[in-house]
Amino acid sequence: MTELGTDPLTLIHLAISLGAIVTGLPVLAAMLKGQTPVTLTGIFLGLTVLTSATGYLFHNTSVTPAMVVGAVSLMVLAVALFALYGRHLAGRWRTAYVVTALLAFYLNVFVLVIQSFIKIPALHALAPSIPPAGPIFGAVQGVVLIGFIIAGWRALKARTSS
């Protein structure tokens, strides 16, 4: 179970997910400066939507935690997309966009950490249960969460001062 799947669907889903995370980093950096790079933000949001949507292509006989995270992500992304493209970040929609875009980004990273602890043998050894659990896994997820909360706070402050 600690092997990376090599079927085409898994590899495409992984590539889209990593693309969303990689493009999310400069989008976050821009948010911290009170900026919204139009093209890069569109790519980030599009890849993040695709990440959640392609997760449903895996055949499961019941609802999984990953499906719930995907559903939450898609709902949050709907608000981010509406705030950006429907309301053009006017007024409080700026705040709604920052919060929801960063929440969607966080959910992607949250899943990346989980999958890393499942698929990477060195990390799996530190939290061998599936789903991962334990103090090291919890600490890593806690640091990620705190990092996103701090970044979100700073991005909101940058938004209101620009």
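**Pockets in a helical chain**

Guide: Let's start with the second largest pocket: its lining divides into 10 nonpolar residues, one polar and no charged, where Ala, Val, Leu, Ile, Met, Phe, Trp, Tyr, Cys and Pro count as nonpolar, Asp, Glu, Lys and Arg as charged, and the others, Gly among them, as polar. This is a predicted model, where local features need pLDDT of at least 70, side-chain atom pairs count only at pLDDT 80 or more, and totals for chains, interfaces and linings use all residues. Residues are numbered from 1 along each chain as its sequence is written, and side-chain values use heavy atoms, with hydrogens and water left out.

Visitor: Which residues line the second largest pocket?

Guide: Among them are Y106, F148, G152 and W153. A pocket here is an open set of points on a 1 Å grid over the protein atoms alone, where a 1.4 Å probe fits, with protein on both sides within 12 Å along at least five of seven lines; lining residues have an atom within 4 Å of a point.

Visitor: And which element gives the largest share of that second largest pocket's lining?

Guide: Helix 6, with six residues. Helices are DSSP runs (H or I, at least four residues), numbered from the N terminus.

Visitor: What about the largest pocket, how many residues line it?

Guide: The largest pocket has 39 lining residues, with H13, A66, V111, Q115 and I118 nearest its centre. Helix 4 supplies the largest share, 11 residues.

Visitor: Switching topic, how many helices and strands are in the chain?

Guide: Six helices and zero strands.

Visitor: How much of the chain is buried?

Guide: Buried residues, those under 20% relative accessible area with a 1.4 Å probe and protein chains only, make up 37% of the 162 residues.

Technical notes. Helix = DSSP H or I, 4+ residues; strand = E, 2+ residues; numbered from the N terminus. Buried < 20%, exposed > 50% of the residue type's maximum accessible area, 1.4 Å probe, protein only.
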